[in-house]
Amino acid sequence: MRLRNVKGSQEKILENPYTIQTDGTNGEDYKSLWNKNIFKNDNPIHIEIGMGKGQFIMGLAAENPDINYIGIEKYSSVLVRALDKRESLETDNLMFLRMDAEDIAEYFAPGEVSRIYLNFSDPWPKDRHAKRRLTSSQFLARYDKILAKDGHIQFKTDNRPLFDFSLEEIKDAGWTIDMYDFNLHKNGPAKDNIMTEYEEKFFNQGKPICKLICHR
Ligand code: SAM
């Protein structure tokens, strides 16, 4: 998802107290300091990479005040759409980070992240772009650097080829797959599941949604 350039989105992000803009070089200002300097508590940190307009992570943050959430999005023009909704959320446990996830290991210390959510990640269907997929071995190696010992990844998608690729990449990287399901909502909307914007759209179209959970 890349919305047309939204005028003033950079400025809005810079002004917003819950949003951090990265430039790929200021990682040391944040790495290992999220809880100490930003959240000011010792709660576990869960992140969503490619949060889009943020419906999923905002739902989680509202339900789980004892977890610190960080929603990561590459494009300012997309992230800015989450800011208005964020204002109505009376909680301090959610930050947004404008960043390309390629740089993730520069912004989080080893073991700093307890859980990673990947929802409806861009499929990058061409083979030559496989390393850009957020479940590629290259990205798994980055997650490996920041995940806590007992941490895990949750991934949902409507895209079966991407899901099959992800299962293979995860196995080949020596990770353990805790569960997978090719049709999460086969018996109606799954319990204890917050739908993302894309998930709602595809569910309403009757498309099967795949889900997996894995750990190192
Ligand atoms: N997760 C949302 C949902 O399920 O409704 C949005 C899904 S959308 C298809 C994928 C999102 O991931 C887009 O907003 C895109 O900009 C973002 N994204 C893609 N590659 C990224 C990267 N390398 N780092 C951060 N965000 C990325």
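Me: What makes Asp-100 and Lys-74 a salt bridge?
Reply: The closest N and O atoms of Asp-100 and Lys-74 are 3.6 Å apart. A salt bridge needs a side-chain nitrogen of Lys or Arg within 4 Å of a carboxyl oxygen of Asp or Glu, so the pair qualifies. Please keep in mind that this is a predicted model, where local features need pLDDT of at least 70, side-chain atom pairs count only at pLDDT 80 or more, and totals for chains, interfaces and linings use all residues. Residues are numbered from 1 along each chain as its sequence is written, and side-chain values use heavy atoms, with hydrogens and water left out.

Me: Why is this pair said to link distant parts of the chain?
Reply: Asp-100 sits in the loop between strand 4 (94-98) and helix 5 (104-107), while Lys-74 is in the loop between strand 3 (68-73) and helix 4 (76-87), 26 residues apart. Those element numbers run from the N terminus over DSSP runs (helices are H or I, at least four residues; strands are E, at least two).

Me: Why are Asp-100 and Lys-74 called partly exposed?
Reply: Asp-100 has a relative accessible area of 23% and Lys-74 one of 36%. Buried means under 20%, exposed over 50%, and partly exposed in between (1.4 Å probe, protein chains only), so both belong to the middle class.

Me: How do you know that Asp-164 and Arg-160 are separated by about one helical turn?
Reply: They are 4 residues apart in helix 7, hence the one-turn spacing. Asp-164 is at 32% relative accessibility and Arg-160 at 38%, so each counts as partly exposed.

Me: Which other pair in helix 7 has this spacing of about one helical turn?
Reply: Glu-168 and Lys-171, which are 3 residues apart. Their side chains meet in a salt bridge, at 3.8 Å from N to O. The whole structure holds 8 salt bridges.

Me: What makes a group of residues a nonpolar core?
Reply: The residues must be buried Ala, Val, Leu, Ile, Met, Phe, Trp, Tyr or Cys, joined through side-chain atoms within 4.5 Å. The largest such set here has 38 residues, and Ile-47, Ile-49, Ile-70, Phe-108, Ile-116 and Tyr-143 have the most contacts inside it. Helix 7 (residues 160-172) gives the largest share, 5 residues. Apart from this core lies another, of 18 residues, among them Ile-13, Met-51, Tyr-69 and Leu-83.

Me: Why is Gly-151 called buried?
Reply: Its relative accessibility is 2%, so it counts as buried. Gly-151 lies in strand 6 (residues 147-157). Leaving aside neighbours within four places in sequence, Gly-151 is in contact (heavy atoms within 4.5 Å) with Ser-114 and His-215.
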